[in-house]
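I opened the notebook to record what I looked up in this structure. The entries follow the order in which I checked things.

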Protein chains: 2
Amino acid sequence: MMTNDNKENSEDAPSKKALKKAQKAAEKNAKKAEYKAQNAAQADVAQEETGDCSVGLYGNLPMNRSQEKLPVIHKEIKDLNKNLTNETVTLRARLHTSRGKGKQAFFVLRSREHTVQCVIAVGEKVSKQMIKFVCNITKESIIDVEGKVAAAGQKIESCSIQDVEIYATKVFVVSASAQRLPLQIEDAMRPETDDPEGLQIKVNQDTRLDNRILDLRTPTNQAIFRLEGGVCHLFREALRSRGFTEIMSPKLISAASEGGANVFGMKYFEKEAFLAQSPQLYKQMAIAADFGKVFTIGAIFRAENSNTHRHLTEFVGLDLEMAFTHHYHEAMNVIGNMFTEIFRGLRDNYADEIATVNNQFPAKPFKFLDPPLCLEYKEGVAMLREAGIEMEDTEDLSTPNEKLLGRLVKAKYDTDFYILDKFPLAVRPFYTMPDPTDPKWSNSYDMFMRGEEILSGAQRIHDATFLVERAKAHGIPLDTIQSYIDSFKYGCPPHAGGGIGLERVTMLYLGLDNIRKASMFPRDPKRITP
Amino acid sequence: MMTNDNKENSEDAPSKKALKKAQKAAEKNAKKAEYKAQNAAQADVAQEETGDCSVGLYGNLPMNRSQEKLPVIHKEIKDLNKNLTNETVTLRARLHTSRGKGKQAFFVLRSREHTVQCVIAVGEKVSKQMIKFVCNITKESIIDVEGKVAAAGQKIESCSIQDVEIYATKVFVVSASAQRLPLQIEDAMRPETDDPEGLQIKVNQDTRLDNRILDLRTPTNQAIFRLEGGVCHLFREALRSRGFTEIMSPKLISAASEGGANVFGMKYFEKEAFLAQSPQLYKQMAIAADFGKVFTIGAIFRAENSNTHRHLTEFVGLDLEMAFTHHYHEAMNVIGNMFTEIFRGLRDNYADEIATVNNQFPAKPFKFLDPPLCLEYKEGVAMLREAGIEMEDTEDLSTPNEKLLGRLVKAKYDTDFYILDKFPLAVRPFYTMPDPTDPKWSNSYDMFMRGEEILSGAQRIHDATFLVERAKAHGIPLDTIQSYIDSFKYGCPPHAGGGIGLERVTMLYLGLDNIRKASMFPRDPKRITP
C-alpha cells in the first residue's frame, strides 16, 4: 500500500520541479533574513550608552516568542519571607506603583492579590540611567526583577508581604503597559467605606466592565472568581459522591422550552432555532433514559429586558435532577444537604478569598444550619402576615416580600439559607407535580440565600397523559412540546430536581450588591462586550 | 415596622372580607373533593375480582405524587448475589422482557446495564389473574417487584446477574410504557458483528437519535455517557491539581470571534449578536487579567454545513490557557501530561464502561506513552513522504493524511496519542505566535487520538502592536476585534493553551465510528431535536 514516490535521490538532470524548488528556497531565505532583521529592530538596545555601569542589567526584553528555554526559576511573591533573607530571587509581576526619590526608587510589584516592595539605589552596578529607566516603566507593565531579599526595617503596611523587601539588581520589562490606564487599579481595589474622611474616588460599574481585564486584576476580583470556581467544584463533588452522572445538554433547541416569552431566536441553516432557557427538558430526558441522577453546568439564556441588580441575559446554571423512590423530599433533601456541603466547603477552603472580598465589600459571614431549615410556603406566608403584610394564601412572593421573609427567617432561626416547600401550584410551570391532596399546592420548592431565591425546583410530572392535561390547562400549544411529552411515554420514574444560578450563589454568599460582580464577562440587555 | 393586621381573632360581626373568605373556602373544598375523585379514578382497582387470591399483591400503582414516605427500601439489581439467598427484596426496574409459559411466567428486570431474571408461578398467593397481569405489562414499563432471592439452577447466560434469580411475590406497575416501541432495546444493544450467521437486525442512527431516550437506555450508551462525564472530571482534576482556576466564558458575543465564517448570528434586543465559536478570546483575557492558569468547559457553536462522522454544530469544549515563563513548551507539556492523566484515569476507573462499550462496538485498547510522544510537523511530513505521500513542507494535513500519519505513528511508536508541534504559520489563526527564527513555522501544536485531531493549541501573540500587524496580514477588519486587541495593551504575560472537543475525545478513546454516539443530544445541520 505504501510506495515511495520521493524523487529526491534520483540521478536525473535537474527537472522543472527541482528548479522550482530551488527558486522557492531562495525566496524563503530572503524572507527569513528580512524577518530576522525585523525581529532585531524590535528588541530594545537602549542600554548601550557610554558610561552606563548597568549595561545588560535593565531594559526592554524582546517580545517573548519562546526564543529560549532559560533555566531561571521565578519565585512567587506570596512565597517571599524572612527565611529567604540575603538570597537572590527573580520575580515576574506587574509594576503596581513606583516613585523616584533622589538617587533611589521604590516600587511595588503585584501578582494577583500579593504585593511586595522593591528598592533600587544608585551604586556600583546601578546607574542613574537604570533608576530613570525603572521610574519610567508604565504602571501595570509586567517586569522581571532580580534582587536580594532583605528584612524590612519596619512593617511595610502598604504591601501584603510586610516583613521583607527586595533590593533590585536587574529590571527588565517583559510586556509594557500603555501609559494611560482607563482606570487605576488602586482606585478599583479601594474598600467601600462610609468614612467621610476616607478617599472617595470610586470606579463606576460601567467603567469597570468596559475595562474588565484591568478591573479583574484587583485582589477582590481575583478572589471572587476563584471562589466562584470553587462553588462549581463543590457542587460537582457533593453530587458525584452521591452517585450523580455529569451530562451535557444542548443549547440550540427547536422550540422555546419554557413557553415563547423571553427566548432568543435565530436562523439555523434553513430552519429556526432557539437558545435554551434551561436544561430542564434534557435532564428530565436523561432521567427517562435511566441515568438515575444527573447534573449539568452550562450557559442559560433569557431574552428578558430586565435591568436589575440580579438579572443577566446569560448566566451559568447548576442543574440537577434525580429519580426518587417514594417522595420528592428524597431529592429536596439531597439538594439541601448539597448546599450545606457547598457552604461548609467555601467557609473552610476559601477563607482567604472571603476575607479579601470582605475587605473591599464588607458583609456579615454567611450563616447556615445543618440540616438546613425547611419551611412550608404557608408558614412563610404566616410569618409575613405576622409582620404586617397582607397577602393571599397562594399569592406569589413579591421581591420585597421575599427579602422581608429572609430577614424574618434570619431573625428567628439565625440562618441565611432556607428551603421553602409546597409552593402554590398556580405560580409554578406546567410540568410541576400538583400536591396529592390539595390542588392549591404543588410538590415544589425554592431555596433562598440572604433572602433571595437561588434555586427553584419540584417534582416533575412523569406521566405523559397528565402532562398533556396540565400543558393544556396552561394554554401551551402541544406541538411545541411534543418531543418533551413523548419522553414520558415509555416509562419514567418519578423524579425531582432543581436549577441554581451560579452567579447568584456567589453574589449572595459573599453579600455582594450586584450580580455583575459575580460574572466575569456579564451580559445584560445593554451589554454584550467585552 | 411589623404590625399585625390579622383579623382572624377579632370579635367583629362577619365582615365583607370574612364572607368572601368563607365563600372561597367552600369553593376550595368542592375543588378538593373533585380532585380527590379524579385521583382515585386514575388508580387501578382491577385486582378486586372475585376469587383472586392475589388481591393487593399486583396492579397498577396510582401515579406517584409523593403521597407517602414509605419505609420500603429498594435493592439495586447490581447488588444481588448468592449471599442474599432466601431474603425478600424489593426491586424497582424496567421490564426488559417477559414470556408466559403455562402457569408461570419468566421476566427480566433491567436497571441501567444490569439485568436479573424473575419467575412467577401460580400458587397459594399467586393467581392466574396475577400471571396474566404480569404477562400483559408492556416492555420498558417501570415496575416494583417484591420477591425471594433464589440460587439459579444453572448459570443464567442472558442476564448480568447469573447466579441468582427472583421468585416474585408482588408486582406493581409504577410507570407503564406505551405498547409500541419505536425501537427495541434488545436490537439497539446488539453487538456489531461480522458473523454472517449473527442476528442482523440493526437500528439505524436516525431511528436511534429520533428516539434518543430509548436508545440511551442501552448498556453501551449508559457506559459511554458515564465515561464522558469522567473525561470532564479527569480534565478538571488534572488542571486543578496544577493550580488552574475554573472560569466561565460568555457564549453571546458582539462580533464573530474567529472571522465571520461559520458563525450563528441572532437579534439581541436592538443589536446583533453571535454565538461564540470558542472561548479563545475570553480565556486569553483572563490571562491578561492575571488569572495565570485557567480552564473552562462549555458549549461551542459552529454554523458549518458539514455532515461528516466528526462534525457537530454544537459541541462541548474543554479549554485551557496558561501564562508561561520562558517557552510555550511549558504549556504544551502541561497539556500532554494532562492527557496522560486522563487516559490513565479512564483506563483505571472506567474499565467496566470500556468493556461494556467494546462488547457492542469492538475496538482495540487505547495506547498511550508517558511522557507522551511529541513530533515536529516536519517530522510528520517526512514520515508521510516516506510512506509515498507527496506534499509541500508547509502544506496543511488533509484528513486522509492525518489518519495515515496516525497509523504510521502507531506502527512506529505504539501509541494512539501524540503531539505534533511547530505547525506551518500559514495554516494557523492570526493570533498564533510565529516561530522566533523562521516565519515559515509557528509556536503551535495539535494533538491526536487514533489519528484524528482532538486539540489545537499555540502560543498566542500577547503584544497588541504585533497582533494588529498579524490581523492585518490575515485581512481581518480591526474594528471587529478591537476589544480583543485592547486586552493586550496593559501588559500581558506570554501564554499558550488549547481547546479540546469533548465528544471527539470520547469517540476516539472508545474507538467509536461517529461523533453522534458521543453526544447525548447531537446537533448537526439536519438535526436540532430532540
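I began with Ala150(B), whose bridge partner in strand 6 of chain B is Glu165(B). Before going on I noted that this is a predicted model, in which local features need pLDDT of at least 70, side-chain atom pairs count only at pLDDT 80 or more, and totals for chains, interfaces and linings use all residues. Residues are numbered from 1 along each chain as its sequence is written, chains are lettered from A and ligands numbered from 1 in the order in which they are written, and side-chain values use heavy atoms, with hydrogens and water left out.

**Strand 5 of chain B**

Strand 5 and strand 6 (residues 164-175) of chain B are antiparallel, with ten bridges. Strand 2 (residues 88-101) of chain B also runs antiparallel to strand 5 of chain B, over seven bridges. There, Thr88(B) is opposite Lys148(B) of strand 5.

I then checked burial (buried means under 20% relative accessible area, exposed over 50%, partly exposed in between, with a 1.4 Å probe and protein chains only). Strand 5 of chain B (residues 142-151) is largely enclosed by the rest of the structure, because seven of its ten residues are buried.

**Tyr418(A)**

I found Tyr418(A) in strand 14 (residues 417-421) of chain A. Tyr418(A) has a relative accessible area of 2%, so this residue is buried. Leaving out residues up to four places away in sequence, I listed its contacts (heavy atoms within 4.5 Å); among them are Leu373(A), Val409(A) and Phe448(A).

**The two chains**

For the interface, I noted 135 residues of chain A in contact with 136 residues of chain B. The two chains bury about 11100 Å² between them, 59% of it on carbon and sulfur atoms (buried area is the accessible area, with a 1.4 Å probe, that two parts lose on being put together, summed over both).

Last, I counted salt bridges (a side-chain nitrogen of Lys or Arg within 4 Å of a carboxyl oxygen of Asp or Glu). There are six between chain A and chain B. One joins Arg236(A) to Glu246(B), at 2.7 Å from N to O.

Key:
Helix = DSSP H or I, 4+ residues; strand = E, 2+ residues; numbered from the N terminus. Pairing = 2+ DSSP bridges.
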